[in-house]
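Please read the sequence and the model side by side. The paragraphs below go through a few local features and then some larger ones.

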Amino acid sequence: MVELERRGIPTVLFTAQTFVHDAHRSAASFGLPGLPLAVVPLPFTNQKPEDVHRMAEAAFDQVVAGLTKAVEARAVERPALEERLAYEGDDLLDAWGRLQADFLKRGWGDGFPLVAPTERAVAAMLRGTKRAPGDQVAVLEPGFGIATVEKLAINAVLAGCGPEHLPLLIAAVRCLAEPKMYIRNKAMSTGPHAPLVLVNGPKGRVANINSGMCALGPGAPSASNTVLGRAVRLTMMNVGHTYVGVSDMDTIGSPVKYACCCAENEAESPWEPYHVTRGFPKGASTVTVHFVYGICELHDFRSTTPEDLVRVFATAATNVAQVGTGLWLIGRRADPRSRTEEREHNTLFICPEHAQIFHKAGWGRRQIQEALYREARLPFKTMMLNKEPQAMAAAHPELGWMHDHPDLPIPVVEDPGCFDIAVVGAAAGRGTYFYGAGEPVTLPVED
Amino acid sequence: MARLEILNPVAKTVEHSVAPARRPPDLDGLPIGLYWNMKAGGDAALDRTEALLRARFPKATFRRYTGSVGWLMRHCTAEDADRIASEVQVVVGTTAD
């Protein structure tokens with residue numbers, strides 16, 4: 001709507017009451033804080049047409065007023081941002097408690113206790129990178145926050161990171177800001193989009209990122225994983241301005257959003273490291289960020305052949321309640337500003353034991369991807385249960401014939417390459433299937 | 001009494017500014033755009049809105065739009081926005097939430 005206003009076209013946008021704050025904030029981010037809204041009590045989704053009609057009727061005067069009453073041009077109001085904050089108490093612990101309370105009140109924390117980013121702690125953190133504190137790493141949406149090295153260091157301290165984690169955080173933030181990531185969509189959605197952070201290469205080992213037992217945590221072996229994953233979330237909040245109820249409109253949320261980070265178990269993988277499949281040299285250090293929704297276990301103690309394992313894995317992939325399943329039928333995630341499009345990927349963490357079963361049979365990643373692509377299919381009528389037929393007609397008019405074949409098996413992803421595979425974990429036949437949101441982004445870690 | 005001084009974790013933002021479009025005093029006789037991003041239910045809201053607009057502004061004309069890219073939500077490209085701006089004089093939008 002803002003783009004139409006920019007072109008001189010008056011607009012008004014239907015908005016549910018619960019999203020009014022979000023709509024104002026979003027419009028302000030794009031430079032038009034007074035964008036007219038026609039506010040209705042509920043979202044139109046999951047409503048019967050007659051109920052939608054009643055809401056539209058009740059908001060009709062707002063529609064007319066939004067199109068005909070002058071909209072005041074005004075600057076976006078931002079509270080002054082103090083560079084330093086001070087808390088007083090009977091002792092330092094008391095002052096620290098006031099810091100926690102104030103941060104929660106302002107919406108700046110994730111709910112867990114935060115480490116105080118004192119000047120000394122931030123200075124120590126900054127020794128983890130050769131970059132200058134004022135260097136701009138990125139501009140992070142949805143709030144268009146300026147991600148300087150210093151701001152990332154402050155959030156890294158908040159999360160409990162050490163200086164060895166800062167280069168990994170910088171790489172992760174660069175991934176978030178890549179146009180291909182379309183973070184605006186994932187950060188602001190009603191869906192539980194969580195940044196899965198996968199580290200490859202020697203710098204991950206230096207930073208003690210766990211790739212083995214309980215790599216996704218919790219526990220002491222994964223302490224680095226926890227704080228790095230947490231720093232990514234806190235950076236999304238305090239730098240990207242992805243604040244719950246303001247710009248993060250997640251319906252239920254997810255524990256995966258707190259921290260979801262590990263390294264690939266390159267030592268126990270029979271294949272080349274994951275980042276090599278993404279075009280990087282074997283000795284490089286990289287960070288991959290893939291936004292994911294939920295997690296499903298890939299448990300199988302019984303199978304001894306690749307074919308049997310793939311049949312089990314395919315049951316995880318054929319879950320139509322997961323938004324990405326078969327989503328290719330109604331188009332591709334797309335950011336019209338950067339003209340990027342994403343296919344919906346899913347990430348599999350295959351445990352070393354299962355990886356060996358594939359490897360001994362001569363299978364690499366490509367064979368697994370192709371077998372899973374063939375095996376993970378659902379009837380067309382099942383795939384379309386939660387998809388808008390008009391969206392399919394717009395995205396794939398050439399596939400209209402499928403409506404005459406409701407039982408036709410349809411692949412859950414667009415092509416075999418939409419299954420990303422890394423080897424993670426310790427002993428026992430249990431992997432992890434991540435239902436993904438769009439495509440992963442991989443970038444090198446710089447000093 | 002103890003004092004704990006810290007550095008602020010919140011980043012400054014890049015600011016954008018767009019002037020709102022000049023509103024017409026009346027919609028009668030105007031070409032009106034109805035934009036749906038294809039989220040369920042939004043089309044029904046526009047159906048009812050169009051009927052109400054037709055009743056109040058009988059000389060108005062209507063065009064339906066959706067974005068040319070996207071998936072669950074179809075988005076307007078710059079070319080879409082240019083085309084809409086060349087064909088209608090006001091737009092009612094629904095993103096269904």
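M38(B) sits in the loop between β2 (31–36) and α1 (42–56) of chain B; helices (H or I, at least four residues) and strands (E, at least two) are DSSP runs, numbered from the N terminus. M38(B) is not a glycine, yet its phi is positive, at about 80 degrees. Most residues other than glycine have a negative phi, and most peptide bonds are trans. Is M38(B) buried or exposed? M38(B) counts as buried, with 26 C-beta neighbours inside 10 Å. The term has cut-offs: a residue is buried if 20 or more other C-beta atoms lie within 10 Å of its own, exposed if 12 or fewer, and partly exposed in between, with C-beta atoms placed from the backbone.

This is a predicted model, in which local features need pLDDT of at least 70 and side-chain atom pairs count only at pLDDT 80 or more, while totals for chains, interfaces and linings use all residues. Residues are numbered from 1 along each chain as its sequence is written, and chains are lettered from A and ligands numbered from 1 in the order in which they are written.

Chain A also has a residue with positive phi. N208(A), not a glycine, has a phi of about 60 degrees. N208(A) is partly exposed, with 16 other C-beta atoms within 10 Å. N208(A) lies in the loop between α10 and α11 of chain A. P218(A) is found in that loop too, between α10 (202–206) and α11 (223–238). The peptide bond from G217(A) to P218(A) is cis, with omega near 0 degrees. Another cis peptide bond joins E141(A) and P142(A), with omega about 10 degrees. P142(A) belongs to the loop between β4 (136–140) and β5 (145–148) of chain A.

Next come the helices. Two packed helices are described by the angle between their axes and the distance between the axes. In chain A, helix α7 (residues 149–159) packs against helix α8 (residues 166–177) at an angle of about 115 degrees, with the axes 10 Å apart. Here axes are lines fitted to C-alpha atoms, for helices over the stretch in contact, and angles run from 0 to 180 degrees between N-to-C directions. From α7(A), the contact is made by V149(A), L152(A), A153(A) and A156(A), and from α8(A) by L166(A), L169(A), I170(A) and V173(A). Two residues are in contact if their C-beta atoms, placed from the backbone, lie within 7 Å. The residues of this contact are eight nonpolar, no polar and no charged. Ala, Val, Leu, Ile, Met, Phe, Trp, Tyr, Cys and Pro count as nonpolar, Asp, Glu, Lys and Arg as charged, and the others, Gly among them, as polar.

Now follow strand β8 (residues 286–299) of chain A. Ten of its 14 residues are buried, so β8(A) is largely enclosed by the rest of the structure. Strand β6 (residues 194–200) of chain A pairs with β8(A) in the antiparallel sense over seven bridges; two strands pair if DSSP finds at least two bridges between them. In this pairing, A194(A) has V292(A) as its bridge partner. Strand β15 (residues 430–436) of chain A runs antiparallel to β8(A), joined by six bridges, and I295(A) is partnered by F434(A). Strand β16 (residues 441–444) of chain A is antiparallel to β8(A) over four bridges, with P444(A) the partner of T286(A).

Finally, the two chains meet. Chain A gives 88 residues to the contact and chain B gives 58 residues. On the side of chain A that touches chain B, 52 residues are nonpolar, 18 polar and 18 charged. Strand β1 (residues 11–16) of chain A and strand β6 (residues 90–94) of chain B run parallel, joined by four bridges. T11(A) stands opposite V91(B) in β6(B).
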